[in-house]
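Please keep the sequence and the three-dimensional view side by side while reading. The paragraphs that follow take up helices and then aromatic side chains.

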Amino acid sequence: MAQQPPHRRIVSIDALRGFDMFWIVGGGAFISALLTRIGGPVCHALNAQLEHCPWTGFTFEDLIFPLFLFLAGASMPFSLSRRLERGDSRRDLYLHIFRRALILYLLGMVYNGLLDLHFDQLRFTGVLHRIAFTYLIGGIIVMNASVRGQALWTGGLLLGYWAVMALAPVPGVGIGSFAPDANLADFVDRFLLPGVHRSYGLNRNGDALGVLSTFPAAASLLIGVLAGHRLRAGNGSVRVVRDLAFAGAGSLVLGLAWGLVFPINTLLWTSSYVVFAGGWSLLLLALFHWLIDIRGYRAWAFPFVVIGMNAITIYLTARLIDFRIIARPLAGGLARLSGDWGVIVLAFAVLAAQWLFLWFLYRRKLFLKV
């Protein structure tokens, strides 16, 4: 744990990160249970947005992870770029980048069960692993490229991934296949990755967070870096909101158009998916920045800020601590008396227990910084 983070923060970034994590740490389960209990076609359609697309397509759930990477990138101009400009040691900054990536990767291995010592059942990729690698790639690019160069790297990663996926031959399949078990990303994962793979239940042999798709995922982070530069240069101007909104709308159109030839696909993390998810991320950041940082409406966002300031903490502890054990003694009786609404009461109690844990850390200015 570290002491209070730097004072100069864009509150909207923390709030949006907390909004993003809300759906991961229990908010999604609570809302899904509520929608299921209410029922009806509208609730059914909304509930479908809380599930990943089976293959091609896009739902709200498919936005959660790229939005997190986008926000990790949006913070970089306020950390790495600022420290470069004030003349901090490049060696120290490189050590910071590599150390942070290494710690995130090791935490990811622990999350996946490293300490169980069942190495034949160990998965070597995952959410924290992807954050580690994209932070490493993005950090090195930010350290060595101008803003224009960072934009070129973003486009290069996306175009390069498209070219490789579309043109490189897959043994026994040929070129240009994006089928679940017959594409280049799957082939590379099967060839390179040891241990077990996770493919979200599809007939797919590669990993949902595999090797090749790490590079377009780094572009998701770099889109956030570019947004962060605009926030930092704008100094609270309404023009920033306009620019972010225009960029977001343009990215949605570009992503849909690109998806006609390189389908929007979460599991392959296709370039069209990166651009389309980046469009929604930019629009959400514009909205949060306008409401919180410019208009000054901060009270409503405080619950999200509490989550966003310790996003990695709650991701790890939600795995290591069964908050249901805490919630049942506190809300079990009320859940029993609530009949069909009992599952919703318990889901809310779990969410509340997690938030109160984070609020305890927030009040004591304890933030996990890796």
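Helix H14 has a kink of about 65°, centred on Ala-331, and this, like everything that follows, is read from a predicted model. The helix runs over residues 323-337, and because 15 residues at 1.5 Å a residue should span 21 Å, the 21 Å between its end C-alpha atoms agrees with that expectation. Ala-331 is itself among the buried residues of H14, together with Phe-323, Ala-327 and Ala-335, and these buried residues pack against H13 and against helix H15 (342-363). After H14 comes Gly-339, with a positive phi near 60°.

Buried along H5 are Leu-93, His-96, Ile-97, Ala-101, Leu-104, Gly-108 and Met-109, and the partners against which the buried residues of H5 pack are helix H4 (80-85), helix H6 (127-144) and helix H13 (311-320). H5 is followed by Gly-113, where phi is positive and near 105°.

Turning to the aromatic side chains, the count comes to 26 aromatic pairs. One of them joins Phe-65 and Trp-269 in an edge-to-face arrangement, 5.5 Å centre to centre with 85° between the planes. Phe-65 lies in helix H3 (residues 64-75) and Trp-269 in the loop between helix H10 (238-258) and helix H11 (271-294), so the pair ties together parts that are 204 residues apart in sequence. Phe-65 counts as buried because its relative accessibility is 15%, under the 20% limit, and Trp-269 is buried with a relative accessible area of 2%. Tyr-362 and Phe-367 also form an edge-to-face pair, with 6.2 Å centre to centre and 85° between the planes; here Tyr-362 counts as partly exposed at 25% relative accessibility, whereas Phe-367 is buried at 4%.

One aromatic cluster is formed by Phe-19, Phe-22, Trp-23, Phe-60, Phe-288, Trp-300 and Phe-304. Rings also meet charged groups: the charged end of Arg-130 sits over the ring of Trp-269, 5.1 Å from its centre, and the charged end of Arg-100 sits over the ring of Tyr-135, 4.7 Å from its centre.

Note on methods: Residues numbered from 1 in each chain as written. Predicted model: local features only at pLDDT ≥ 70, side-chain atom pairs only at ≥ 80, totals over all residues. Heavy atoms only, no water. Buried < 20%, exposed > 50% of the residue type's maximum accessible area, 1.4 Å probe, protein only. Helix = DSSP H or I, 4+ residues; strand = E, 2+ residues; numbered from the N terminus. Contact = heavy atoms within 4.5 Å. Expected span 1.5 Å × (residues − 1). Bend = angle between axes of the 7 residues up to and from the residue. Phe/Tyr/Trp six-rings, centres within 6.5 Å; stacked < 30°, edge-to-face > 60°. Lys NZ or Arg CZ within 6 Å of the ring centre and 35° of its normal.
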